[in-house]
Amino acid sequence: MAFGAHHLSSLHSVHFCIASPSCPVRSPRSTAPIRRIKFLRFRIRSSSDDDYYIDAPVSVGDGFSFGGGKYSEEPTPSDEWFEKGKIVNAHPVLGSGKKASDPIFGLKMGAGSQASDDLFRWFCIESGSLDNPSVILIHGFPSQAYSYRKVLPILSKEHHAIAFDWLGFGFSDKPQPKYGFDYTLDEYVSSFGSLLNELVTDKVSLVVQGYFSPVVVKYASSHQEKLKDLILLNPPLTIFSQDPLRASDKALTSCGPYKMKEEDAMVYRRPYLTSGSSGFALNAISRSMKKELKKYVEEMRTVLIDKDWKVQTTICWDERDRWLSYDGVEDFCKGSNHKLLKLPMAGHHVQEDCGEELGQVIDVILSRRVRF
């Protein structure tokens with residue numbers, strides 16, 4: 001087993017663990033042979049010198065609130081991020097074409113709650129040459145493409161890397177539910193396919209984090225011919241440690257071992273401070289997840305263990321995740337013969353905790369510089 005560890009120099013020491021299909025050993029709880037877990041040593045550092053551990057008691061969140069901070073008209077990291085990206089039009093707007101109105105008072109909603117006339121507008125940011133292999137970075141719930149800001153520069157050296165905001169998040173459209181988009185998981189599957197067709201023409205690798213993993217896997221199950229690699233970052237494979245629908249900003253700021261900088265937390269909060277459309281969208285997708293997520297997770301598990309699943313799949317598990325349980329993940333990877341990488345010092349949103357290092361890990365996986 002080899003991994004290009006020389007790329008991770010001058011960093012603090014931690015290790016990654018990879019489940020190998022060979023080398024049977026004995027489980028401490030069973031006499032039956034199981035696959036040996038081999039440990040790869042890497043050196044890894046925190047995202048900045050200001051980060052520190054916050055191993056406080058686990059919180060279940062406080063409902064649909066993105067609290068803290070103050071809105072300002074001054075230039076912010078959010079503005080700078082927007083300037084780096086572009087709008088891509090993809091997926092037809094369905095419905096009657098009527099303008100969205102307030103569900104309580106019936107008043108016409110602001111521009112942020114209105115759908116486009118024909119195609120939805122997605123915020124995308126890309127880095128790297130178009131001649132390089134493409135990799136799409138897909139954020140989780142309730143996050144944004146901004147979470148991959150430290151990953152993009154690393155991947156851009158050898159890949160054409162693209163991150164985007166899902167509809168309802170970040171700078172993408174946030175139409176009022178029932179006015180062109182209802183935020184069902186099926187709609188997310190079909191709209192993702194439309195976006196992908198606009199972004200790339202050749203085979204592509206996908207990296208997806210968290211609760212949107214089942215959506216992406218459902219799309220991939222019908223389009224395997226379009227994919228090279230699939231990398232899942234802490235997908236909901238087994239047990240929820242906490243309710244994913246209690247989507248306060250603690251799901252971002254307190255679900256791992258490090259404290260997020262306030263200026264970064266404000267990027268995630270800003271859509272909720274500037275427009276009611278973000279709150280309506282968040283509530284709608286949360287209701288859809290409450291209704292559909294369990295079924296989608298079961299379907300994802302079925303797809304990934306099916307003998308007809310041919311896409312090279314790696315599951316990266318961040319061991320300091322306070323949102324999802326690791327119980328059963330290792331057994332699932334053994335049973336499905338998928339690669340498993342453990343990242344001991346990262347939480348649920350690994351791209352926030354160890355963005356540069358995640359970029360290096362993804363690059364090594366996609367470049368086939370690791371053998372399992």
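Visitor: Are Arg149 and Glu352 buried or exposed?
Guide: In this predicted model, the side chains of Arg149 and Glu352 meet in a salt bridge, with 2.8 Å from N to O. A residue counts as buried when its relative accessible area is under 20%. Both Arg149 and Glu352 fall in that class: buried.

Visitor: How many residues apart in sequence are the parts that the pair of Arg149 and Glu352 ties together?
Guide: Arg149 lies in the loop between strand 5 (134-138) and helix 2 (152-155). Glu352 belongs to helix 9 (residues 350-353), so the pair ties together parts whose separation in sequence is 203 residues.

Visitor: Which residues do salt bridges that share partners join into one network?
Guide: The whole structure holds 11 salt bridges according to the search. Arg149 and Glu352 form one of them. Through shared partners, salt bridges make one network of Arg149, Glu352 and Asp264.

Visitor: Is Lys342 buried or exposed, and what of Glu330?
Guide: Lys342 and Glu330 meet through their side chains in a salt bridge of 3.2 Å, N to O. This pair links distant parts of the chain, 12 residues apart, with Lys342 in strand 10 (residues 339-343) and Glu330 in helix 8 (residues 329-336). For both Lys342 and Glu330 the class is buried.

Visitor: Is Lys307 buried or exposed?
Guide: Lys307 forms a salt bridge with Asp308, and the closest N and O atoms are 3.6 Å apart. Asp308 has 47% relative accessibility and therefore counts as partly exposed. The relative accessible area of Lys307 is 68%, and the cut-off for the exposed class is over 50%, so Lys307 is exposed.

Visitor: Why is strand 9 largely enclosed by the rest of the structure?
Guide: Strand 9 covers residues 312-318. Strand 8 (residues 227-233) pairs with strand 9 in the parallel sense over 5 bridges, and strand 10 is also joined to strand 9 by 5 bridges in a parallel arrangement. Strand 9 is largely enclosed because, of its 7 residues, the number buried is 6.

Visitor: Which residue stands opposite Ile315 in strand 10?
Guide: Strand 9, helix 8 and strand 10 make up a β-α-β unit that is right-handed. In strand 10, the residue opposite Ile315 is Leu340.

Visitor: What is the angle between the planes of Phe141 and Phe169?
Guide: Among the 20 aromatic pairs of the structure, Phe141 and Phe169 form one that is edge-to-face, at 6.2 Å centre to centre. Phe141 sits in the loop between strand 5 and helix 2, and Phe169 in the loop between strand 6 (160-164) and helix 3 (185-199), 28 residues apart. Phe141 is buried at 2% relative accessibility, and Phe169 is buried with a relative accessible area of 2%. The angle between their planes is 85 degrees.

Visitor: Which term describes the pair of Trp166 and Phe212, whose planes lie at 20 degrees?
Guide: Trp166 lies in the loop between strand 6 and helix 3, and Phe212 in the loop between strand 7 (204-209) and helix 4 (213-221), so the pair ties together parts 46 residues apart in sequence. Both Trp166 and Phe212 are buried, and they belong to one aromatic cluster that includes Phe141 and Phe169. The ring centres are 4.5 Å apart and the planes are at 20 degrees, so the pair is stacked.

Conventions. Residues are numbered from 1 along each chain as its sequence is written. This is a predicted model: local features need pLDDT of at least 70, side-chain atom pairs count only at pLDDT 80 or more; totals for chains, interfaces and linings use all residues. Side-chain values use heavy atoms; hydrogens and water are left out. A salt bridge is a side-chain nitrogen of Lys or Arg within 4 Å of a carboxyl oxygen of Asp or Glu. Helices (H or I, at least four residues) and strands (E, at least two) are DSSP runs, numbered from the N terminus. Buried means under 20% relative accessible area, exposed over 50%, partly exposed in between (1.4 Å probe, protein chains only). Two strands pair if DSSP finds at least two bridges between them. A crossover is right-handed if, with the strands pointing away from the viewer, the path from the first strand over the helix to the second runs clockwise. Rings of Phe, Tyr and Trp (its six-membered ring) pair if their centres lie within 6.5 Å; planes under 30 degrees apart count as stacked, over 60 as edge-to-face and the rest as tilted.
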